[in-house]
Amino acid sequence: MPDLNKANRQVCDVDIRIFKTKEPFLFFDTANTTTAGITGDSVYAMAKGARRVAFQNPPEGTMTIEAQVVPFKMYALFSDGTIESTAIQAVKKTITATTAGSLTISDDSGDIESGTVFVYAADDFGGTAIEGTYTDGKFTATTASEIAVNSEYEVGYFVTRTSGVKKVSINTNKLPKDYWIQMSTIEKDEEGTLTPYLITAHKAAIQRNLDLSFSSEGDPGSVSITFDLLETEDGDFFDIVEDTDNAYQ
C-alpha cells in the first residue's frame with residue numbers, strides 16, 4: 001500500500017497517567033483544541049564568520065489542552081492529584097427574629113464556624129455589624145433592643161461542609177505529579193482511509209497557570225492547561241505513532 005499524504009481535522013482524546021506508577025489518572029475526551037509542539041535550538045562552530053558545524057541542543061516541548069466541557073478532576077492536575085471532601089463555604093442569608101434580642105442560626109449543610117458569625121440590619125450586609133455572641137446555634141445581641149421580633153436581619157458566616165463537596169487545594173505544600181500523556185486522533189489520506197495517530201509525551205509536568213473566567217455574555221468559559229515535556233532517565237521524550245494495523249475506510 002502506497003504511503004499517501006494525510007490530513008487532520010479531529011481533536012485528540014487525551015489519556016493522562018501518573019508517570020511513576022503508570023496508573024490511569026484522567027481520560028479526557030471533551031477538548032476543543034489539543035496541541036503538541038517541540039522546539040530545538042542549535043549552536044554552531046564558525047569558520048571565517050560562517051556556520052560550519054551544527055550542534056543541536058536537547059529538544060523542548062509542550063502539550064496544551066483547551067476545553068469548555070471539563071471534569072472537575074482536571075483541576076487536581078494543578079495540585080497533588082487528590083480531591084478532598086471537606087470545604088469551607090461562605091454563607092449569606094436573611095433570618096427573621098422570633099425572639100427579642102437574639103437570632104436562631106442553623107445550617108443543615110455543615111457546622112457553622114465559631115467566630116465567623118456576623119449579623120447586620122436588613123439591607124446593610126457588610127455595613128455596621130450588630131455586636132453580640134454566637135453559641136450553639138444562637139446569636140445573642142449585646143444590646144437586646146437591636147434585634148426585634150418579626151424583623152429581618154442579614155447574617156454572614158462560614159460553614160464547614162463534609163458531604164456533597166469536592167475540593168482541590170492549590171498551594172505550595174501540594175506539589176503536582178509528573179504524568180505520562182498520550183493524545184490520540186485520526187488522520188485521513190487522499191483515498192479516504194482513516195488512520196489512528198498516537199502522540200506520546202513520556203514525562204510531562206504541568207505549568208501552574210490557570211485562568212478561570214465567568215461571564216453572562218458571549219461564549220461559554222474555556223479552560224486551558226499546558227504541560228512542559230521532560231526527558232526520562234532512559235532518554236524517552238516524544239513519540240509520534242501511525243497505527244496502520246487499525247486503519248479503516
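These legends walk through a few close-up views of the structure above. The model is predicted, so local features need pLDDT of at least 70 and side-chain atom pairs count only at pLDDT 80 or more, while totals for chains, interfaces and linings use all residues. Residues are numbered from 1 along each chain as its sequence is written, and side-chain values use heavy atoms, with hydrogens and water left out.

**View 1. Phe72 meets Tyr75 edge-to-face.** Rings of Phe, Tyr and Trp (its six-membered ring) pair up if their centres lie within 6.5 Å; planes under 30 degrees apart are stacked, over 60 edge-to-face, and the rest tilted. That rule gives 3 aromatic pairs. In one of them, the ring centres of Phe72 and Tyr75 are 5.8 Å apart with planes at 65°, so the pair is edge-to-face. Buried means under 20% relative accessible area, exposed over 50%, and partly exposed in between (1.4 Å probe, protein chains only). Tyr75 is buried at 18%, and Phe72 is partly exposed at 33%.

**View 2. Lys22 sits over the ring of Phe19.** A charge counts as over a ring if NZ of Lys or CZ of Arg is within 6 Å of the ring centre and within 35 degrees of the ring normal. Here Lys22 is 4.5 Å from the centre of the Phe19 ring.

**View 3. Arg51 sits over the ring of Tyr44.** This time the distance to the ring centre is 4.0 Å.

**View 4. Thr116 is tucked into a loop, and it's buried.** Its relative accessibility is 14%. The loop runs between β10 (111-112) and β11 (118-121). Contact means heavy atoms within 4.5 Å; leaving aside neighbours within four places in sequence, Thr116 is in contact with Gly156, Tyr157 and Phe158.

Terms used:
Helix = DSSP H or I, 4+ residues; strand = E, 2+ residues; numbered from the N terminus.
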